[in-house]
Amino acid sequence: MENILFLAHTEADGTLSKAALETLGAAVELKQALNAALVAALYGEKIQPAAHSISACGAQRFLAVCGEDFAQARHATDAAACEALVRASGATIVFVAASSRNSRVVGAVAHRVHGCVDTHVTDVAAASGAPAVTRWFYRQRIEGSLTRTQRPWILLLDPGSCSPWQDAPGLSTPELIDAPLPDSLRRTTVRGTVTPPVDQQTIRPDADLLFVAGAGWTKKQKDGQTHVPEAETIILDFLRNSKASLGGSKSLVDLSGENQSTLRFMSHLNQVGQTGATPRHPKGLSTCCHGEEPHTVGWRFIGERRAINLDPSCGWARGKADVLYIADAFDVISKVNALLSAR
Amino acid sequence: MSNSFQVVVCASVVPDPLQTLEPVTGPNGPALKNEMMLPAILDPWAAHALYEGANLVKQVAGSALWLVSMAPKAKLQQVMMTVAQKVPLQLVALDGPSSGFADAHQTATALAVAIRNIPGLDLPRLLLFGGWESASRSAGVTLQMVGDELGIVDQFQGVDAITPQDDGSFEVLERIEGARHQVSLCAGPPAVLGWATGSLGEPRNNPQVGMANMRTIMPALQRAVAATISSDGLQYANVTTPKQQRQTRIVKDVPADEIASELVQWIKQE
């Protein structure tokens with residue numbers, strides 16, 4: 001019989017993130033499908049609020065590693081905590097949400113417990129009584145499903161792949177597990193985070209719309225001149241009016257590295273595609289971007305897609321968008337801004 | 001020099017992203033159709049790691065840079081013709097699969113053995129670089145496993161910057177959720193850094209660097225150790241290319257006002 005472990009770190013306030021609850025939902029589903037045992041394990045500075053919130057998930061055991069040392073998202077201490085929890089649970093299948101904190105450690109944890117790991121998992125099914133996972137290969141260009149005989153098998157689930165688990169909170173007191181921390185695990189100190197200024201905070205993972213700007217915004221326009229400051233105003237106005245998240249093509253974000261005139265708020269963090277992000281949004285609007293394959297692989301999880309481009313034979317026309325407007329994005333988006341702000 | 005770094009960059013090769021990829025089932029499981037014929041490039045995120053590593057080595061006197069790469073030897077040779085012109089490096093080649101369907105665990109073991117065997121490498125001064133994910137399997141775990149196998153407990157993923165300090169420590173910026181960076185201070189090497197894009201552009205080809213590199217790269221390719229990667233309990237049920245083609249409606253010769261109005265309606269739709 002499989003022994004399933006739901007393993008999660010808590011947030012600063014001791015609660016669980018949405019991604020963690022989605023992962024718990026997948027773990028509970030597999031538990032029911034395989035009639036398996038379920039253990040829930042938490043790590044972080046504070047764990048009690050999270051433990052209470054998932055007390056009704058059907059876990060036979062609740063385990064935790066907690067304390068000040070686990071407040072920081074630090075590889076050495078997080079890996080030690082996860083290793084201790086996986087060992088204590090005796091798990092054969094481990095469900096983990098793909099947060100940056102978990103993603104940093106799962107490979108090392110799998111190595112330490114002589115297990116195996118699959119990341120970017122988008123689905124877990126019980127095929128013929130054994131778990132089978134679905135994941136993408138070659139940056140969302142090929143999809144495959146696979147099984148493994150090696151255990152423990154750690155599965156890192158991509159956020160947005162499953163419905164979050166929900167039920168009424170109750171009372172739960174996890175069994176505390178000791179994770180020894182010699183000084184050699186404290187060589188790194190997390191000093192904090194750097195956040196872009198509010199007016200430059202353009203990445204909004206929960207937005208309904210992804211707005212992608214391509215290098216065309218910085219190129220010469222009809223009058224033979226570039227209009228980069230105007231492009232910045234139009235795009236920022238659009239983001240303000242539509243509450244969209246901003247993405248960029250590689251060619252645009254690379255311009256800043258080449259000291260060319262570019263959009264000041266656009267960084268590599270906005271980049272979508274082969275060497276960028278693969279965000280999940282219900283809708284996507286591409287502007288001044290050619291829609292070539294290395295960029296559009298980042299659009300795999302965008303639902304409805306529309307594009308504005310002056311070139312009728314661009315990549316978007318070749319079956320990559322639902323609607324392609326052959327038009328000047330400067331004109332169209334300015335008018336969209338006028339309509340949105342009027343509402 | 002006591003504060004110098006020994007930078008080892010792990011990087012494989014991947015098909016040029018402009019190529020069409022079609023999965024086929026071979027005797028050893030899934031593979032790409034005409035895989036050996038597809039033009040290849042150095043894995044993009046690992047390439048950023050290489051450029052950042054070379055830049056670090058240039059800044060900190062006494063440092064050295066190695067590129068450890070596992071791929072079919074012929075493919076590696078083809079890719080090295082370009083990569084060799086970018087930055088000065090010493091190649092350690094492993095003749096093995098670079099497929100996205102190859103298992104990360106055994107790949108990591110082979111890489112760790114190759115790194116341990118680098119003559120003159122001072123492990124306590126090691127900074128193990130690579131891409132935070134590959135463009136083939138995108139597992140994001142290979143580098144972690146290599147680091148763990150080498151006993152390195154300070155690891156960073158999604159790195160965009162490393163700033164050496166005067167006391168031998170270094171500050172690292174890692175990408176985290178919400179378009180933020182986590183700032184950490186590490187006491188010093190050894191450490192693992194899985195790079196995102198960093199901040200450096202691709203260096204221009206430098207034929208002089210290329211000629212100097214090729215003197216050591218060709219012998220390294222000839223010495224490439226064969227690495228066997230077995231499936232080891234991993235079984236693929238199916239591997240397919242999902243339907244990507246959409247029925248694109250092309251709207252042209254329509255005034256901007258009309259397009260704007262249609263777009264606003266679409267944006268507002270639930």
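## A walk through a predicted two-chain model

Let us start at a strand pair: Ala126(A) stands opposite Pro131(A) in β6(A). This is a predicted model, in which local features need pLDDT of at least 70, side-chain atom pairs count only at pLDDT 80 or more, and totals for chains, interfaces and linings use all residues. Residues are numbered from 1 along each chain as its sequence is written, while chains are lettered from A and ligands numbered from 1 in the order in which they are written.

β5(A) and β6(A) run antiparallel and share six bridges; two strands count as paired if DSSP finds at least two bridges between them. β6(A) and β7(A) are antiparallel and joined by five bridges, with Trp136(A) placed opposite Glu143(A) in β7(A). Strands and helices here are DSSP runs numbered from the N terminus: E over at least two residues for strands, H or I over at least four for helices.

**Chain A as a whole**

Nine helices and 15 strands are found in chain A. Its C-alpha trace spans about 70 × 45 × 40 Å along the principal axes. Of the 343 residues in chain A, 55% are buried. A residue is buried if 20 or more other C-beta atoms, placed from the backbone, lie within 10 Å of its own; with 12 or fewer it is exposed, and in between it is partly exposed. Among contacts in chain A with a separation of 6 or more, 68% link residues 24 or more positions apart. Contact means that the C-beta atoms of two residues, placed from the backbone, lie within 7 Å.

| Helix | Residues | Length | Span, first to last C-alpha | Expected span |
|---|---|---|---|---|
| α1(A) | 18-34 | 17 residues | 25 Å | 24 Å |
| α3(A) | 75-89 | 15 residues | 21 Å | 21 Å |

Why is α1(A) largely enclosed by the rest of the structure? Twelve of its 17 residues are buried, so the rest of the structure largely encloses it. Those buried residues include Leu21(A), Leu24(A), Val28(A) and Lys31(A). Their cover includes β1 (3-9), β2 (37-44) and β4 (93-97) of chain A, as well as β5 (116-127), β6 (130-137) and β8 (153-157). Just after α1(A) comes Asn35(A), with a positive phi of about 55°.

α3(A) is also mostly covered, with eleven of its 15 residues buried. Among them are His75(A), Asp78(A), Cys82(A), Leu85(A) and Val86(A). Gly90(A) follows α3(A) and has a positive phi near 65°.

**Cores**

A nonpolar core is a set of buried Ala, Val, Leu, Ile, Met, Phe, Trp, Tyr and Cys residues joined through C-beta atoms within 7 Å. The largest one holds 144 residues, of which Leu7(A), Phe95(A), Leu155(A) and Val9(B) touch the most other members. Its biggest contributor is helix α1 (residues 44-59) of chain B, which gives nine residues. Beyond its neighbours within four places in sequence, Val9(B) contacts residues including Ala46(B), Leu50(B), Leu67(B) and Phe129(B). A second, separate core has 48 residues, including Leu210(A), Ala215(A), Trp217(A) and Phe238(A).

**Where the chains meet**

Chain A puts 77 residues into the contact and chain B 73. On the chain A side that touches chain B, 34 residues are nonpolar, 26 polar and 17 charged. For these classes, Ala, Val, Leu, Ile, Met, Phe, Trp, Tyr, Cys and Pro are nonpolar, Asp, Glu, Lys and Arg are charged, and the others, Gly among them, are polar.

β7 (residues 142-148) of chain A runs antiparallel to β14 (residues 234-240) of chain B, joined by six bridges, and Thr147(A) sits opposite Gln235(B) in β14(B). There is also an open parallel sheet of six strands, in the order β12(A)-β11(A)-β13(A)-β14(A)-β15(A)-β15(B). Its edges are β12 (245-248) of chain A and β15 (249-251) of chain B, each pairing on one side only. Within this sheet, β11 (residues 209-213) of chain A pairs with β12(A) in the parallel sense over four bridges, and Phe211(A) stands opposite Leu246(A) in β12(A).

Technical notes. The expected span of a helix is 1.5 Å times one less than its number of residues.
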